[in-house]
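Please find below a colleague's note on the structure.

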Amino acid sequence: MDSISWRLRAMRQLAVATLLTALSGAWLGHACAATLDGQQFDDTAVLSDRTLRLNGLGLRGVAWVKAFVAGLYLPAPTRDSVQVLTMPGPKRLRLKIMLDAPSHELTKSLTSRIARNETEAAQVQMEDRLTRLAAHLDSMGDLHVGDTIDIDFVPERGTVLRLNERFVGTPVVGDDLYRSVLKIFVGDKPVDKRLKEGLLGGGV
């Protein structure tokens, strides 16, 4: 084989090897985590002895102000908001904060949006529990860029809050309360339509 043919063959082999390496790296990165706006989320989470899958990611922001990226973890992937709300088992809504702000701003948004999505009768039924949940959120104090808030639903316990892996307050019972929280994000009157579309990705 002359030197020119040998060099051409070597170049082809190098190109193929480079392509395979790149594809392998991309596949491994996708298998381990998903990223939106620089915020990374694991593909799975373990809650109440169940492995949940990341269903989708969405950004909450207005104009150039970015508040947080949310990730929704479910027992099974779905693009149907009704299934998200009614699916049995544990669930996790993870918020990665991108803006310094007092936690009571998040509380005000949560309570006002629940009022928009729920009937008066439902609000009355949840009033005491919603007040407890709001107090837990307020107790977080000032939130900072890089903080992580988990709003979990644990069967038999209810809604559980964590800030940077530390539990906040005590569980607030009732799957109806957690559904009301999820409606803010994926209900008929979401706080942000693009955020809803992202969370309903059906697995990323």
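The points below go from the basis of the model to its overall make-up, and then to individual elements and residues.

1. Basis. The model is predicted: local features require pLDDT of at least 70, side-chain atom pairs count only at pLDDT 80 or more, and totals for chains, interfaces and linings use all residues. Numbering starts from 1 along each chain as its sequence is written, and side-chain values use heavy atoms, with hydrogens and water left out.

2. Overall make-up. The protein chain contains 6 helices and 11 strands; these are DSSP runs numbered from the N terminus, helices being H or I of at least four residues and strands E of at least two. Of the 204 residues in the protein chain, 44% are buried. Here buried means under 20% relative accessible area, exposed means over 50%, and partly exposed lies in between (1.4 Å probe, protein chains only). The chain exposes about 11400 Å², of which carbon and sulfur atoms supply 56%; accessible areas come from the Shrake-Rupley method with a 1.4 Å probe, and for residues only the protein chains shown count as cover. Among contacts (heavy atoms within 4.5 Å) between residues at least 6 apart in sequence, 59% join residues at least 24 apart.

3. Helix H5. This helix covers residues 175-186, and its 12 residues reach 16 Å from first to last C-alpha, close to the 16 Å expected at 1.5 Å a residue. The expected span is 1.5 Å times one less than the number of residues. Because 9 of its 12 residues are buried, H5 is largely enclosed by the rest of the structure. The buried residues include Leu 177, Ser 180, Val 181 and Leu 182.

4. Aromatic pairs. How many aromatic pairs does the structure hold? There are 2, where rings of Phe, Tyr and Trp (its six-membered ring) pair if their centres lie within 6.5 Å; planes under 30 degrees apart count as stacked, over 60 as edge-to-face, and the rest as tilted. The rings of Phe 68 and Phe 185 have centres 6.4 Å apart and planes at 55°, so this pair is tilted. It links distant parts of the chain, with Phe 68 in strand E5 and Phe 185 in helix H5, 117 residues apart. Phe 68 is buried at 9% relative accessible area, and Phe 185 is buried at 7%. Phe 153 and Tyr 178 form a tilted pair, 5.5 Å centre to centre with 40° between the planes. Since Phe 153 belongs to strand E9 (residues 148-154) and Tyr 178 to helix H5, this pair ties together parts 25 residues apart in sequence. Phe 153 has 13% relative accessibility and counts as buried; Tyr 178 is buried at 2%.

5. Salt bridges. A search of the whole structure finds 11 salt bridges, each a side-chain nitrogen of Lys or Arg within 4 Å of a carboxyl oxygen of Asp or Glu. Asp 152 bridges to Arg 92, with the closest N and O atoms 2.7 Å apart. Asp 152 is in strand E9 and Arg 92 in strand E6 (residues 91-97), 60 residues apart; both residues are buried. Glu 118 and Lys 183 meet at 3.1 Å, N to O. Glu 118 is in the loop between helix H3 (103-117) and helix H4 (120-138), and Lys 183 is in helix H5, 65 residues apart. Glu 118 is buried at 15% relative accessibility, whereas Lys 183 is partly exposed at 22%.

6. Asp 176 forms a salt bridge with Arg 129, the closest N and O atoms being 2.7 Å apart. Asp 176 lies in helix H5 and Arg 129 in helix H4, so the pair ties together parts 47 residues apart in sequence. Both Asp 176 and Arg 129 are buried. Salt bridges that share partners join Arg 94, Asp 150, Arg 162 and Glu 165 into one network.

7. Backbone angles for checking. Most residues other than glycine have a negative phi. Asn 164, not a glycine, has a positive phi of about 50°, and Glu 165, also not a glycine, has a positive phi of about 75°. Asn 164 is found in the loop between strand E10 (158-163) and strand E11 (166-172), and Glu 165 lies in the loop between E10 and E11. Asn 164 is partly exposed, with a relative accessible area of 28%.
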